[in-house]
Protein chains: 2
Amino acid sequence: MRIGTLTIVGVGLIGGSIGLAARRRGLAGRVIGVGRQPATLERARQLGAIDEACLDLADAVRRADVAVFCTPVTLIAEQVRAAAPGCAAGTLLTDAGSTKGSIVRALDGHLPPGVSFVGSHPLAGSEKRGPEHADADLFQGRVTVVTPAPGTDRAAVERTVAFWQALDSRVLLMGPEEHDRALAMTSHLPHLVASALAGILPPELRELTASGFRDTTRVAAGDPSLWTGIFLQNRAALIDSLGILQEQVNQFQTALQAGDPAAIDALLARGKRSRDALGN
Amino acid sequence: MRIGTLTIVGVGLIGGSIGLAARRRGLAGRVIGVGRQPATLERARQLGAIDEACLDLADAVRRADVAVFCTPVTLIAEQVRAAAPGCAAGTLLTDAGSTKGSIVRALDGHLPPGVSFVGSHPLAGSEKRGPEHADADLFQGRVTVVTPAPGTDRAAVERTVAFWQALDSRVLLMGPEEHDRALAMTSHLPHLVASALAGILPPELRELTASGFRDTTRVAAGDPSLWTGIFLQNRAALIDSLGILQEQVNQFQTALQAGDPAAIDALLARGKRSRDALGN
């Protein structure tokens with residue numbers, strides 16, 4: 001794959017990493033970064049994540065062959081709808097948002113002829129923010145889920161797959177709703193639980209935490225406003241996943257109240273088998 | 001501090017690290033490792049964690065000036081009671097167990113004159129096991145909680161504090177029950193939650209997990225039988241902590257059901273503030 005101009009909207013950790021990865025691999029002739037804050041754009045340029053900084057969303061997207069929206073999930077659909085009318089036929093628009101159903105639904109049937117939006121979600125990142133934490137190999141060996149709507153142009157889907165593969169990501173195709181149900185369990189629920197656990201820690205017990213508490217709550221350091229948007233866009237699936245977790249926690253509670261070693265051991269063994277299957 | 005003979009009962013990750021740390025720092029003239037499996041003891045000897053391997057608990061503890069019990073919490077009290085009668089007056093017995101109340105209560109008033117048991121809990125370790133994962137600097141800068149009973153000999157408490165400090169640990173003194181209430185929140189509850197979360201992950205979603213799920217569930221890889229013992233010895237405090245977590249999770253659930261962004265943001269912000277205060 002070879003892209004003339006790649007526009008990245010939002011040059012934080014993910015957008016910056018896309019820029020670094022694309023430039024390192026010679027994927028695009030030119031990488032334009034779009035943002036609201038000149039200082040962030042300038043840092044991204046100095047770090048080598050983009051060739052050119054641009055404050056005008058519509059202008060930068062109009063010049064793109066491929067544009068990737070790496071902004072908060074609550075902004076993606078409206079930004080795409082604002083920028084798409086200026087695009088030439090054949091322009092591919094995609095994103096890196098953690099939810100897909102709401103975004104794909106909001107855009108389906110609302111783009112100019114020949115302009116395609118194909119939802120994407122690279123399963124990479126961390127609780128850190130900003131282009132300083134960008135990494136040219138962030139996507140290497142990681143999964144990116146690409147989520148076409150039923151009517152999405154096939155060639156556009158194939159280009160989206162090729163784009164992420166060119167960044168060394170492994171691509172899975174999935175429906176947007178299927179993606180959201182899966183990620184409720186694998187990402188949004190762990191975030192909720194980590195945040196709840198961090199939230200109840202009395203300050204005077206901080207010095208009694210070790211790596212167990214720190215690992216279990218690490219993602220709670222993520223940006224609350226970003227995650228509020230994710231939770232709300234996926235709230236039905238998140239509520240369902242939370243119900244499943246609560247049933248499992250209730251089993252622990254019952255076993256503890258009964259002082260039943262075999263039941264506790266069986267629950268812990270189930271958790272261990274599943275965790276061991278993930279590797280590090 | 002200088003110890004003639006240091007005996008370590010159980011030479012896994014913790015016991016092996018105590019041996020490595022003590023030998024590296026010249027803390028003891030001789031380090032004896034006790035275990036049931038000759039192969040593990042031999043590995044610990046080859047790794048430099050002990051000078052001498054011994055299969056006879058009572059014999060190895062009788063020869064000790066200081067003995068540290070690094071066995072599962074369900075075994076510690078009975079092993080101490082079995083070994084103590086052979087000890088000379090002035091022998092210090094301590095442990096590295098994750099629970100303290102049950103162990104300290106079981107030993108209080110049951111030791112020969114002049115032999116002291118002082119409970120300890122170094123907040124270090126991981127889900128890994130075995131002397132292969134031992135580390136001479138495991139305790140460096142980490143907290144060890146020392147939990148004397150009201151009647152424990154003061155000189156013995158001071159020696160216990162000096163022992164952990166000599167391994168470069170930072171020591172906090174706390175009552176055994178106070179320790180258990182704190183650790184229910186900072187260690188045992190996170191373990192329960194991580195295990196429950198890992199346990200409900202459907203196998204087909206494994207490839208859709210990223211660092212968030214992996215961090216949040218990492219401790220679930222710990223040994224189920226060890227943790228069953230810990231949960232049962234601290235079950236009252238763990239049930240209390242679980243109740244506090246469930247209230248916090250219920251607030252998330254209510255906010256999600258109401259689709260209330262301000263409430264979700266406030267809950268996530270509370271978690272972030274607390275997690276940020278812990279550092280990495």
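Buried area here is the accessible area (1.4 Å probe) that two parts lose on being put together, summed over both. Keep that in mind for the interface stops below; and note that what you have open is a predicted model.

**Stop 1: the sheet in chain A**

Start by selecting the strands of chain A. Eight of them form an open, mixed sheet, and you can walk across it in the order S3-S2-S1-S4-S5-S6-S7-S8. Now pick out S3 (52-54) and S8 (170-173): these stand at the edges, each with a single partner strand, so one side of each has no neighbour in the sheet.

Zoom in on S7 (residues 143-147) of chain A. S7(A) runs parallel to S8(A), and four bridges join the two. For one specific pairing, select A:Thr144, whose bridge partner in S8(A) is A:Val171.

**Stop 2: helices on the sheet**

Then select helix H1 (residues 13-24) of chain A, which lies across S1 (3-9), S2 (28-34), S4 (66-69) and S6 (116-122). H1(A) runs at about 160° to S1(A).

**Stop 3: two chains, one axis**

Bring chain B into view. A rotation of 180°, with 0.0 Å of shift along its axis, puts chain B on chain A with an RMSD of 0.0 Å. That is the relation of a two-fold axis. To find the axis from chain B, select B:Thr216: its C-alpha is the nearest to the axis in that chain, 1.9 Å away.

**Stop 4: the interface**

Select the residues in contact between the chains: 81 of chain B meet 81 of chain A. The copies meet through the same surface, because 100% of the interface residues of chain B are also interface residues in chain A. About 7,400 Å² is buried between them, with carbon and sulfur atoms giving 68% of that area.

What about the polar side? There are 24 residue pairs in polar contact between chain B and chain A (both at pLDDT 80 or more). Colour chain B by element and several contribute two or more residues to the side touching chain A, among them S7, S8, H7 (176-199) and H11 (261-276). H10(B) gives the largest share, 16 residues.

Four salt bridges cross the interface.

Definitions and conventions. Residues are numbered from 1 along each chain as its sequence is written. Chains are lettered from A and ligands numbered from 1 in the order in which they are written. This is a predicted model: local features need pLDDT of at least 70, side-chain atom pairs count only at pLDDT 80 or more; totals for chains, interfaces and linings use all residues. Side-chain values use heavy atoms; hydrogens and water are left out. Copies are superposed by least squares on the C-alpha atoms of residues with pLDDT of at least 70 in both. Contact means heavy atoms within 4.5 Å. Two strands pair if DSSP finds at least two bridges between them. Axes are lines fitted to C-alpha atoms, for helices over the stretch in contact, and angles run from 0 to 180 degrees between N-to-C directions. A salt bridge is a side-chain nitrogen of Lys or Arg within 4 Å of a carboxyl oxygen of Asp or Glu. A polar contact is a pair of N or O atoms within 3.5 Å; within protein, one must be able to donate a hydrogen and the other to accept it, and residues adjacent in sequence count only if both atoms are side-chain atoms.
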